[in-house]
Amino acid sequence: MKKRLPQLSALQAFVTIADTGSFSRTASVLSLTHSAISHQIRQLEDHLGVRLLDRHTTGVSLTKAGSLYLEEVRDALEQLDCAATIARGELENRPLRISVLPSFAGSLLVPELLSFLEKHPEIHIEIDATAGTEKDANTNIDLFIRYGSGDWPGYKSSKLMNVYLFPVCSPDYLKRHGPIRELKDLSRVVLLRHTMEPWEPWFEANQKEKDAETFSVLPAGPLYTDARVMQVAARDGQGVALVRDVLVESDLREGKLVRLFSDLTPSEKGYYAFYKSSSSQRQHFKVFLSWLIEICEQLKPAHSF
């Protein structure tokens, strides 16, 4: 005898509550009454025999069981949506939509993309450089390339590259403000900053006992949200930048930037491709992701510069 499955409407209500944190907002989103949503969730919890939500005066939160169940339910609903799209013959016919920020796109992806398109002319690619699209539950992006920890709720991920950090500046800046051989030498230069790459962890990883006073003399240079723009500022002689090895190799090779210090500091972050399970069912997606992982492996810096 087949086991009875929960009602689809109850699963949709549960996912929406997890997203909104509120029965009232869920009722508004699904155009139902508050009591109807409460009834659906109560039925779902009775069916499973576990409590999925903790009710508070200010809203609701997921229990441990609810968090585990949510991940599986999201995947199941996406699979159902994907099945409907496949049945309508829509999925494979539309372009593959890739979201990638300018720093990674300009340094690594775009220069290699032509070879992929020549090899796979049947696959049409759309590149979106808008930040924050991964936060939109209704996004039509198939694959995101992001720098971070690799943990994005609701998405699967594949690691593309590890990252190492080190300071750089332009040859002219080094001539004017050098020599820069010890950490204390950085106290008399402008340190270009990035929102995702603060200097303090790098100093902590590289300082020796005699460098303990360094933190009190760190100058506050301009703050950037785009790694590539910060790198351009360093090339223009505006200061010293803490850069990612995977983005800076060509500038070092061409002599536009010089590396300061010999040590490489591993970043706690890396480059990842992440995506919903529904996207991963597309054959074109599988081909592109396989190529992306392979090309990133080939483009990894050998740290011979």
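Tutor: Let us begin with a definition: a salt bridge here is a side-chain nitrogen of Lys or Arg within 4 Å of a carboxyl oxygen of Asp or Glu. Please keep in mind that this is a predicted model, in which local features need pLDDT of at least 70 and side-chain atom pairs count only at pLDDT 80 or more, while totals for chains, interfaces and linings use all residues. Residues are numbered from 1 along each chain as its sequence is written, and side-chain values use heavy atoms, with hydrogens and water left out.

Student: How many salt bridges are there in the whole structure?

Tutor: Searching the whole structure gives 12 salt bridges. One of them joins aspartate 142 to arginine 282, with 3.3 Å between the closest N and O atoms.

Student: Why does that pair tie together parts of the chain?

Tutor: Aspartate 142 sits in the loop between strand S4 (125–128) and strand S5 (143–148), and arginine 282 in the loop between strand S11 (265–275) and helix H10 (283–299), so the pair ties together parts that are 140 residues apart in sequence. Helices (H or I, at least four residues) and strands (E, at least two) are DSSP runs, numbered from the N terminus.

Student: Aspartate 142 and arginine 282, buried or exposed?

Tutor: Both aspartate 142 and arginine 282 are buried, where buried means under 20% relative accessible area, exposed over 50%, and partly exposed in between (1.4 Å probe, protein chains only).

Student: And what about arginine 235, which residue does it meet in a salt bridge?

Tutor: Its partner is aspartate 251, at 3.0 Å from N to O. This pair links distant parts of the chain, with arginine 235 in helix H8 (residues 227–235) and aspartate 251 in helix H9 (residues 245–253), 16 residues apart. Arginine 235 has 26% relative accessibility and so counts as partly exposed, whereas aspartate 251, at 1%, counts as buried.

Student: Switching topic: which residues of H7 are buried?

Tutor: Trp199, Trp202, Phe203 and Asn206 are the buried ones in H7. Seen down the axis of H7, they fall within an arc of 100 degrees (taken from the directions from the helix axis to the C-beta atoms), so they line one face of the helix. Glu204 and Ala205, on the other side of H7, are exposed.

Student: What covers the buried residues of H7?

Tutor: The cover includes strand S6 (156–169), S7, S9 and S11, with contact meaning heavy atoms within 4.5 Å.
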